[in-house]
Amino acid sequence: VCTAGIQTPVCAPCEAARSIITLRESPFPPQAQRPAPLRSRALILSIKQPPGRMEKPGAAGGIPVIMYNVPSRTGLNIAPETALELSKHPLINGIKEASGNISQVAKIAQLCGDELNIYSGNDDQVVPLLSLGGKGVISVVSNVKPELMHDCCKAWFDGDTRKACQLQLEILPLADALFCEVNPIPVKYAM
């Protein structure tokens, strides 16, 4: 999305490669904002997929892919070694890491280096993940308090670790409240 000359990545969850192709081929000019999906969808693939199964979503329409590792929702965890193998695909450029396991995030960072952008998928672990080389957060809290999450990440990237840590601690009660029930119920209530 290009608004006022600022490039912002668009993350479009999908349930099949066809959704990726449809998004890519839709007739929106580059500067236009695409309408938000009515409901969230995710492409969930078992780690034991037949060979070539991951190729189709990654290659469809030439759109970069961010893998979602959210074991609490999918029942599957993307192991660091699997993340390494998948990161070799030219269009897989990131992972939303929401396993809650900081040691696993460290292992992914160690194995993948700059080949895979890591984004926190847990609002209560943003600063710890950024300290391991994370690039940002795919956040629930930012739906309710976007400036709080923005300021936390900005402080980190500006080198103000004290402020980033302070804001991370400020985020905790809100993150806890927003996860008191299954997402997105609390977020919709808060909005």
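**Exercise 1.** Which side chain meets that of Glu85 in a salt bridge? Note that the model is predicted.

*Solution.* 
Step 1. Recall the cut-off: a side-chain nitrogen of Lys or Arg lies within 4 Å of a carboxyl oxygen of Asp or Glu.
Step 2. Look at Lys88. Its side chain meets that of Glu85, at 2.9 Å from N to O. The pair is therefore a salt bridge, as the limit is 4 Å.
Step 3. Glu85 is partly exposed, at 48% relative accessibility. Lys88 has a relative accessible area of 55%, so this residue counts as exposed.

**Exercise 2.** How many salt bridges does the structure hold? Find the partners of Glu147 and Lys154.

*Solution.* 
Step 1. The structure holds three salt bridges.
Step 2. Glu147 pairs with Lys145; their closest N and O atoms are 3.3 Å apart. Glu147 is partly exposed at 41%. Lys145 is partly exposed at 35%.
Step 3. Lys154 pairs with Asp158, with 2.6 Å between the closest N and O atoms. Lys154 is partly exposed at 42%. Asp158 is exposed, at 53%.

**Exercise 3.** Is Leu84 buried or partly exposed? Describe its surroundings too.

*Solution.* 
Step 1. Leu84 sits in helix H4, which covers residues 80-87.
Step 2. Take its relative accessible area: 23%. Buried means under 20%, so Leu84 is partly exposed.
Step 3. List contacts, leaving out residues up to four places away in sequence. Leu84 touches Leu111 and Cys112.
Step 4. Compare sequence and space. Leu84 and Lys107 are 23 residues apart in sequence. Their C-alpha atoms are 9.9 Å apart.

Notes: Residues are numbered from 1 along each chain as its sequence is written. This is a predicted model: local features need pLDDT of at least 70, side-chain atom pairs count only at pLDDT 80 or more; totals for chains, interfaces and linings use all residues. Side-chain values use heavy atoms; hydrogens and water are left out. Helices (H or I, at least four residues) and strands (E, at least two) are DSSP runs, numbered from the N terminus. Buried means under 20% relative accessible area, exposed over 50%, partly exposed in between (1.4 Å probe, protein chains only). Contact means heavy atoms within 4.5 Å.
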